[in-house]
Amino acid sequence: MIQYKVYHLKGDMTDVNEKLPYLRDKANHLPLEPGVYLMKDENGKIIYVGKAKALKNRVTSYFRSNSQHNAKTLKLVDTIRDFEFIVTQSELDALVLECSLIKLHQPKYNILLKDDKGYNYIKISREAFPRITYALNTNDKNADYVGPFTSGFTVKQAVHEANTIFMLPTCKKKFPRDFNKERPCLNRDIKRCMGVCEGKISSEDYKKIINEAIQYLENGSKTSVEELTAQMEDAAENLEFEKAARLRDRIHAITRLTAQQKILDYKQEYDIIGAAQNVGMASVAVIKYRGGRLIDKENFFIGEEYEGAAMRRDFLLSYYSNREDIPREIYVDEEFEDMELLTELLREQRGHAVKFVIPHRGDGMAQIMLAKKNAGEYLALKVGRTAKEISALEDLKALLGLEKVPNIIESYDISNFGETGMVGGMIVYRNGRPFKPMYRKFNIKTVEGQNDYACMQEVLRRRMTRYLEGDESFSPLPDLILLDGGKGHIAAVSEVLDELKIDVPLFGLVKDSKHRTRAIAKAGGEIEIKSNRALFALLTNIQDEVHRYSITFQRVKHKQKTYSLELTEVKGIGEAKVRALLKEFKTKANMKAATVGELRKTAKISEEKAKELYDFIQERF
């Protein structure tokens, strides 16, 4: 029995602008004891329930002015108007109470896992040559159904097994209407289908096979091997060789399916938990194995991502708190908060040992990657990104040892035409894709001659200075900076960032002799990337895009300079008037299409001079 006391501290919260001083003061009076805290909004509704080993330390951390909270916590803190707390005898009691209060109040900012599963059925159509398919309902009155089942994954897997083992057709042909209308497909040649389309099997014989498939589904799938073997031996003894051969083929099909799942089959009972985080969102996949085979897969959309260890802890607490089917081993992709406490809680809840495992190699790691891939695919579906984009950013975070997934990446390149026309380009990738509204161009102003290092320093200094001056068009700072260059560029730009006290991870992109992205440069060495296709594609795209953007700007500048030199040949047309003309018309084609009146108005010249300029443009352009 958990013993606790509920405390209500007095305080006034009348003005949203005064909430933080009030909350800080109230939190500073909390005890240094284990317990649970309940955050409330302006209506007194509980919006978050949390556990603490020491209430004062935990709750005050929310309201410190210099706290580096993630986006989700910032939203929570902005909504809090008051809180209560409950002191417990132990941290485990606090964990149990936290779980209970989350179920009771369903707070907005806790992870609330809703069971969005519907019922699933195995459908057997009523026709001359029935089909076995997966269905979400029983609306078709011209069909029979096996079920319902709660796991769609299990039903789809069972339907696939039955169709494979009994070589049933899965095409869209209608029989007997489509007998012999075209040659049998590849499935017939590789013995994945009995070739009903050839018209060599009667409806009665086909329905006998369908009945055998239904019995197979109802009697336990792959566990029927021994029974099928006995039937095959009896048929052989009775000289029913055709039947024995058919049963042999089914046994072989089952064996092949088992072999395909060998990597997933080395334990009897366990769950695999994998998370995916990107685009400010997160999802978790749970893959379940019972009796040595995969029986179910569940996906959960967490919503706004927050610190990984806390998110995994909150998910596991919510997921397993209501479940009776808790395996002895639970594989997780990373360490999480309160691992030992949650282990003890689940052990008491289920009455048997429960162990969390974090594999780093072998089959266990392969299964973790499978779960993470499923989570990534589900997240991609939810947020409109491809799974490759999501996994590439996660891999980049791991490869570079970043604190968080780099959702905002800035990349820089310098382009020049000889010793003149030097420019810098800055591109921005947000959530793995180009974000062109934040692209920026820089004319090099302080560097003479070809000096890439000095040019890169000027560009980064100007960009960061604009940010420090409060220019919103240069905000926020990126999560990662990638320079088109190697260690020399990194060393040069690091001096600027240190000088301005800007703390952003900085790396370079190195090309090979064929101008293809080869590696990531860092202070002191290089990191190879070609073994990771998704990451290699992302970084190559970034480097190609920043190069394209910079060189396009440089070419435009060069053309403009050429235009300027040509236009100044007209007597009375100086550099200021040329700049006005280029700003207005931008291209030769636009300038050639301009009327005498438009040229006169833009350059602010006389009618006679405008006519002279017009004739020059028509002749030279």
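**Burial and overall make-up**

I looked up burial first: 47% of the 621 residues in the protein are buried (buried is under 20% relative accessible area, exposed over 50%, partly exposed in between, with a 1.4 Å probe and protein chains only). I note that this is a predicted model, in which local features need pLDDT of at least 70, side-chain atom pairs count only at pLDDT 80 or more, and totals for chains, interfaces and linings use all residues. Residues are numbered from 1 along each chain as its sequence is written, and side-chain values use heavy atoms, with hydrogens and water left out.

I found 20 helices and 20 strands; these are DSSP runs numbered from the N terminus (helices H or I, at least four residues; strands E, at least two). I then checked contacts, meaning heavy atoms within 4.5 Å. Of those between residues at least 6 apart in sequence, 62% join residues at least 24 apart.

**Aromatic rings**

I listed 18 aromatic pairs (rings of Phe, Tyr and Trp, the last by its six-membered ring, with centres within 6.5 Å; planes under 30 degrees apart are stacked, over 60 edge-to-face, the rest tilted). I picked out Phe129 and Phe179, which pair edge-to-face at 5.5 Å centre to centre with 80° between the planes. Phe129 is in the loop between strand S5 (120–125) and strand S6 (132–135), and Phe179 is in the loop between helix H5 (152–165) and helix H6 (186–189), so the pair ties together parts 50 residues apart in sequence. Phe129 counts as buried at 5% relative accessibility, while Phe179 is partly exposed at 23%. I also noted one aromatic cluster, formed by Tyr37, Tyr48, Tyr62, Phe63 and Phe83.

**Helices H17 and H19**

I looked at how helix H17 (residues 575–585) meets helix H19 (residues 596–603): their axes come within 9 Å and cross at roughly 125°. Axes here are lines fitted to C-alpha atoms, for helices over the stretch in contact, and angles run from 0 to 180 degrees between N-to-C directions. That makes H17 oblique to H19 (under 35 degrees is roughly parallel, over 145 roughly antiparallel, 65 to 115 roughly perpendicular, the rest oblique). On the H17 side I found Lys577, Ala580, Leu581, Glu584 and Phe585, which meet Glu598, Leu599, Thr602 and Ala603 in H19.

**Gly280**

I located Gly280 in the loop between strand S8 (270–278) and strand S9 (281–290). Gly280 is partly exposed, with a relative accessible area of 27%. Leaving aside neighbours within four places in sequence, Gly280 contacts Gly303, Glu304, Glu305 and Asn407. Val383 is 103 residues from Gly280 along the chain, and I read 9.6 Å between their C-alpha atoms.
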